[in-house]
Amino acid sequence: MHPLVKPALRRGWRDLNTVQFGMTPAHAMTLGPMDTATGSFLDLLNGARGLELLREEGRRLDLPDGHVDVLVERLSRAGLVDDAQGGGPAARALREKQGVLDRLRPDLASLSLITPEPGGAIGRLAARRALRVRVDGAGRVGVTLAALLSGAGVGEVDVRDVGRVQPWDVAPGGLPAEAVGERRAEAARRVVRRAAPDRPPRRPDPAVEEPGLALVIIAPRDDVLVHAPDARAAEPLMASGTPHLYTGVVEGTGVVGPLVLPGGTGCARCLHEHRTDRDPAWPRLIAQWRSGQARRVGACDLTLAAAVAGLAAAHALAFLDGESPAGTGARWEASVPVLHWHARPVWPHPACPCGAAEKAKGEHSSTNGDPHATMVVQRPSAERREHADAARPTGTWRAHV
């Protein structure tokens, strides 16, 4: 291990014996008591030395025997130390691509804030390079979202759509003005390639089965499909167990979610069934909205499209990195001009054949009615924080800043 105090966290002394790591309430932490010699030793935790050399430096500073190991372990348990050589073979391969890593350094720093184990952040970043994601929809939201995922290091991002680029599809970070008139899918894929920090991975030998899709993002240009996702179109994804995320803009309202985990969370059909339960006229309205009326240019201003694409990409990356984002089993919505985001849960419906309702019922029964068994939007992240607090060693605590 080559210990490195996470550079994403600024460091400052609250008093003569207490160091604060980080500025914001979400990540700030204090450590104490700490003497002057130990405080000076922190500067040596820069990833350039292994533990043996650090022990020698500790002896030069007259630190007690074993003090260096205790300090490194304590900082590691608090999630404040990274391993400059950790992360496994994929991380080593990424470090060898200096230009690529330089492009991704802000993303790496961000991952280090939420990945407590040393070497975990670059391990997650390297793992993204082996993932395949598909974006269905090449409008203002879909193309920008795909470019964000590609720029964040996802190895293969494919965009699918039909038709040709129209002037109103153009957006900063998305389709450029010179793409007007080109085939939509080809123009979108070119944007994705330009956003990538590295060349896309080589496709495997035809004789070797390529890895499956880690995620499909459904970002339709049709605002009716944003408001009322088509459950029939998602049947292949449900059958194959492919996670998928809905997003888009409808009449000045941005939508992100639900993130559907087939058989585990509410799906598009669950959403439809619940809406029908609340409003018997819902199927009649949907039929009218989906009828063969002349297509119109929908209300989707640039700022809302950018906000939706950014939030959807963040949810997608959190899921791909192994987290449980707030879009799991919920639709996040915000409307112009206020842009106040709020979540609407998408509960599993007992009449839906997806099976999520039965699974939720079983989980609820197995915990004797424990409310934690129900799908609360932000429960997983809250539980992680609780576990992190429980594991934190004596002498470190969250700073109230």
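## Leu-61

In this predicted model, Leu-61 counts as partly exposed because its relative accessibility is 33%, and the limits for that class are 20% and 50%. The residue sits in the loop that runs between helix H2 (51-60) and helix H3 (67-77).

Leaving aside residues up to four places away in sequence, Leu-61 touches Ala-37, Phe-41 and Leu-44. With Ala-37, the separation is 24 residues along the sequence, while the C-alpha atoms are 6.6 Å apart.

## Ala-196

Ala-196 also belongs to a loop, the one between helix H8 (184-195) and strand E8 (215-218). Its relative accessible area is 17%; Ala-196 is therefore buried, as the cut-off is under 20%.

When residues up to four places away in sequence are not counted, Ala-196 touches Arg-103 and Ser-150. Ala-196 and Glu-156 are separated by 40 residues in sequence and by 9.2 Å from C-alpha to C-alpha.

## Helix H13

Helix H13 covers residues 302-320, 19 residues in total. From its first C-alpha to its last it reaches 26 Å, close to the 27 Å expected at 1.5 Å a residue. After H13 comes Gly-322, which has a positive phi, near 95°.

The buried residues of H13 are Leu-304, Ala-305, Val-308, Ala-309, Ala-312, Ala-313, His-315, Ala-316, Leu-317, Phe-319 and Leu-320. An α-helix has 3.6 residues a turn, so positions three or four places apart point the same way.

## The largest pocket

The largest pocket holds about 1,500 Å³ of space. It is lined by 48 residues, and those closest to its centre are Arg-221, Asp-222, Asp-223, Val-224 and Arg-295. Two or more lining residues come from each of these elements: strand E6 (132-136), helix H7 (140-151), helix H9 (223-227), strand E9 (244-250), strand E10 (253-260) and strand E11 (330-335).

By residue class, the lining of the largest pocket consists of 21 nonpolar, ten polar and 17 charged residues.

## The chain as a whole

The chain has 401 residues, of which 44% are buried. Its secondary structure amounts to 15 helices and 13 strands. Of the contacts between residues at least 6 apart in sequence, 66% join residues at least 24 apart.

Key:
Residues numbered from 1 in each chain as written. Predicted model: local features only at pLDDT ≥ 70, side-chain atom pairs only at ≥ 80, totals over all residues. Heavy atoms only, no water. 1 Å grid on protein atoms, 1.4 Å probe; cavity = no way out; pocket = protein on both sides within 12 Å on 5 of 7 lines; lining within 4 Å. Points joined across faces, edges and corners; volume = space filled by probe spheres on them. Helix = DSSP H or I, 4+ residues; strand = E, 2+ residues; numbered from the N terminus. Nonpolar A, V, L, I, M, F, W, Y, C, P; charged D, E, K, R; others polar. Expected span 1.5 Å × (residues − 1). Buried < 20%, exposed > 50% of the residue type's maximum accessible area, 1.4 Å probe, protein only. Contact = heavy atoms within 4.5 Å.
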